[in-house]
Amino acid sequence: MKMNTRKIAYLGLLIALAFVLSYVEVLLPLNIGIPGAKVGLANIVIVVALYTIGGKNAAMLSLVRVLLVGLTFGNFAMMLYSLAGAVLSFVMMYVAKRTKKLSITGVSVIGGVFHNVGQIIVAIFVLETSQLIYYLPFLIVIGTISGVVIGILSGMICRRVKVAFA
Amino acid sequence: MKKNDLILIGALLIIAFTILGITRVWQRNNTDESAMVIVTVDGQEMGRFPLNQDMEQRFDFPDGSYNVLRIYDGNAEISEASCPDQICVKHHKIHYTNETIVCLPNKLVVEITGGEVSDVDTIAN
């Protein structure tokens, strides 16, 4: 795909936005005593990117975000959890979008759920504690709720962004 | 939102609540008087404590971080921790078999095991 100036600027803008939203989430953590549970504000940006500039660019954006946030606010272990969540969530969203059976909200719900599931799977291996699987139902519910909210927001943003690109 | 989205959301919620229901019933039926609290750090066991004796123990780590485990009235909880997110401190008290409290930053796991396995240890003590 050819990268024109406009696209590069747009991608840079989205990376900055994802970075800031991750920082907001570090400042205001969803603290309900469940490891791995996150609102996933930055997922708004990933979903918008997936629907406006395509899978390849959105994947790159997701990886750059994890690296930036991990290096800035977290430690190596946190980056590993985050990476597992981001990769699994992105792959599942990409597949879900390709099937064309779901709208942007459904795709975002898939992303939210699998982000949490990916993190808990890595935590099970890192901590060698299979009992963490008991958090799975809570993580699915939280991922679904945050996915719906983020999906609706992303849909609104996409409509406006597409107007600007036309 | 399409109809498929609603089906997806409904299915996810049903799956979640079914898993939750089954595990809760199983946990309740597999917990007895001799349950033990096991603390592991990075996969290594740091201590075992009977759930029916009140106690408090501090776990310190080489990098200066710590977690304080408290057991009282048959419940286990992390009462204090150095980690930034404090998820382990906010976690509800645990007392059923296989319930866990996790502190990801310190790689500390507190878990409950049913009495059957640890009976031998209790007698030996």
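This is a guided tour of a predicted two-chain model, one selection at a time.

**Before you start**

Residues count from 1 along each chain as its sequence is written, and chains are lettered from A and ligands numbered from 1 in the order in which they are written. Because the model is predicted, local features need pLDDT of at least 70 and side-chain atom pairs count only at pLDDT 80 or more, while totals for chains, interfaces and linings use all residues.

**Stop 1: chain A**

Select chain A. Helices here are DSSP runs of H or I with at least four residues, strands are runs of E with at least two, and both are numbered from the N terminus. From the N terminus on, the order is α-α-α-α-α-α. The radius of gyration is 15 Å, close to the 15 Å that the globule rule gives for 166 residues, so chain A is as compact as a globular protein of that length. That radius is taken over C-alpha atoms, and the rule is 2.2 Å times the number of residues to the power 0.38.

In chain A it spans about 50 × 35 × 30 Å along the principal axes. Of the 166 residues in chain A, 43% are buried. Buried means that 20 or more other C-beta atoms lie within 10 Å of the residue's own; exposed means 12 or fewer, partly exposed lies in between, and the C-beta atoms are placed from the backbone. Take the contacts in chain A between residues at least 6 apart in sequence: 72% join residues at least 24 apart. A contact is a pair of residues whose C-beta atoms, placed from the backbone, lie within 7 Å.

**Stop 2: the nonpolar core**

Which residues have the most contacts inside the largest nonpolar core? Select Ile46(A) and Val47(A). This core has 69 residues. A nonpolar core is a set of buried Ala, Val, Leu, Ile, Met, Phe, Trp, Tyr and Cys residues joined through C-beta atoms within 7 Å. Helix H5 of chain A, residues 104–127, gives the largest share, nine residues.

Stay on Ile46(A). Leaving out residues up to four places away in sequence, Ile46(A) touches Ala18(A), Ala58(A), Leu61(A), Ser62(A) and Phe90(A).

Move to Ala18(A). Ala18(A) lies in helix H1 of chain A, residues 5–27. Ala18(A) is buried, because 25 other C-beta atoms are within 10 Å. With the same exclusion of residues up to four places away, the neighbours of Ala18(A) are Ala42(A), Val45(A), Ile46(A), Leu61(A) and Arg65(A). Pick Val45(A): Ala18(A) is 27 residues away in sequence and 5.8 Å away in space, C-alpha to C-alpha.

**Stop 3: chain B**

Select chain B. Three helices and seven strands show up. Along the sequence the pattern is α-β-β-β-β-β-α-β-β-α. The radius of gyration of chain B is 18 Å, well over the 14 Å that the globule rule gives for 125 residues, so chain B is more spread out than a compact globule. The C-alpha trace of chain B spans about 60 × 35 × 25 Å along its principal axes. Buried residues are 30% of the 125 in chain B. For chain B contacts between residues at least 6 apart in sequence, 36% join residues at least 24 apart.

**Stop 4: the sheet**

Now show the open sheet of four strands in chain B, with the order S2-S1-S7-S6 and antiparallel pairing. Strands pair if DSSP finds at least two bridges between them. S2 (44–50) and S6 (100–103) of chain B stand at the edges, each with a single partner strand, so one side of each has no neighbour in the sheet.

Select S1(B), residues 36–41: six bridges join S1(B) to S2(B), and the two run antiparallel. One pair to pick is Ile38(B) and its bridge partner in S2(B), Arg48(B).

**Stop 5: where the chains touch**

Show both chains. 28 residues of chain B are in contact with 25 residues of chain A. On the chain B side, helix H1 (3–29), helix H2 (87–90), S6 and strand S7 (108–113) each supply at least two residues. H1(B) gives the largest share of that side, twelve residues.

**Stop 6: two positive phi values**

Most residues other than glycine have a negative phi. Select Lys100(A), where phi is positive, near 60°. Lys100(A) sits in the loop between helix H4 (76–99) and H5 of chain A. Is Lys100(A) buried or exposed? Lys100(A) is exposed, with 8 other C-beta atoms within 10 Å.

Finish at Lys107(B), with a positive phi of about 55°. Lys107(B) is in the loop between S6 and S7 of chain B. Lys107(B) is buried, with 20 other C-beta atoms within 10 Å.

Terms used: Two residues are in contact if their C-beta atoms, placed from the backbone, lie within 7 Å.
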